[in-house]
Amino acid sequence: MSICIFCEIIAGRAEASVVYADDSVVAILDRAPATVGHVLVIPRTHMAGPADADDAVGAAIWRTAQRVSVALRASGLRCDGVWLSLADGEAAGQEVSHLHLHVVPRYPGDGVVVTADWKERSRELLDQDAALIRKALT
Ligand SMILES: [Zn+2]
């Protein structure tokens, strides 16, 4: 098994700029930020994605993201809005296979680009899609 950089940071064996830490999560600055102040909220226990997180860890991640979002706006760093992003799986763009939620300060002209081939989908197809997802929910 390869070394997980986030586990190394949490264990104190790799450096990071910590903005928050408690018993469940650590929030650090991304070393290659999309914008200045880009924070990663990371559970202390190694897990690949949200499906591995129990409710307590999920709540801790969300609570921390909320607090960091508020702090970013008050920090003096440029932050007119906040973008939350979580990539679950390599196909989704997850680069470190340890669950992490991005908290990214946003402002006009920040250079962050989120692209997709947005297409209107018919109500009939949306309802079919919704039925598949409802059936899969456990
Ligand atoms: Zn890890």
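Which element gives the largest share of the lining of the largest pocket? I looked, and H1 does, with 3 residues.

**Ground rules.** I am working on a predicted model, where local features need pLDDT of at least 70, side-chain atom pairs count only at pLDDT 80 or more, and totals for chains, interfaces and linings use all residues. Residues are numbered from 1 along each chain as its sequence is written, and side-chain values use heavy atoms, with hydrogens and water left out.

**Chain.** I counted 3 helices and 5 strands in the protein chain. Helices are DSSP runs of H or I with at least four residues, strands are runs of E with at least two, and both are numbered from the N terminus. The order from the N terminus is α-β-β-β-α-β-β-α. The C-alpha trace spans about 50 × 40 × 25 Å along its principal axes. I found 31% of the 138 residues buried. Buried is under 20% relative accessible area, exposed is over 50%, and partly exposed is in between (1.4 Å probe, protein chains only). Of the contacts with a separation of 6 or more, 54% join residues 24 or more positions apart; a contact is heavy atoms within 4.5 Å.

**Largest pocket.** I took a pocket as an open set of points on a 1 Å grid over the protein atoms alone, with protein on both sides within 12 Å along at least five of seven lines; a cavity is a set where a 1.4 Å probe fits but cannot get out, and lining residues have an atom within 4 Å of a point. Points are joined across faces, edges and corners, and a volume is the space filled by probe spheres set on them. The largest pocket comes to about 570 Å³. It has 24 lining residues, and Phe6, Asp30, Arg31, Leu40 and His102 lie nearest its centre. H1, strand E2 (25-29), E4 and E5 each supply at least two. By class I read 13 nonpolar, 7 polar and 4 charged residues. Nonpolar covers Ala, Val, Leu, Ile, Met, Phe, Trp, Tyr, Cys and Pro; charged covers Asp, Glu, Lys and Arg; the others, Gly among them, are polar.

H2 gives the most here, with 4 residues. I also found 1 cavity of 30 Å³ or more. Tyr20, Asp22, Arg63, Thr64 and Arg67 line the largest cavity, and helix H2 (residues 55-74) gives the most to that lining, with 3 residues.

Cys7 is partly exposed at 23% relative accessible area, whereas His98 is buried at 0%.

**Arg106.** I placed Arg106 in strand E5. Arg106 is partly exposed at 22% relative accessibility. Beyond four places in sequence, Arg106 contacts Cys79, Asp80, Gly81, Val82, Trp83 and Val112.
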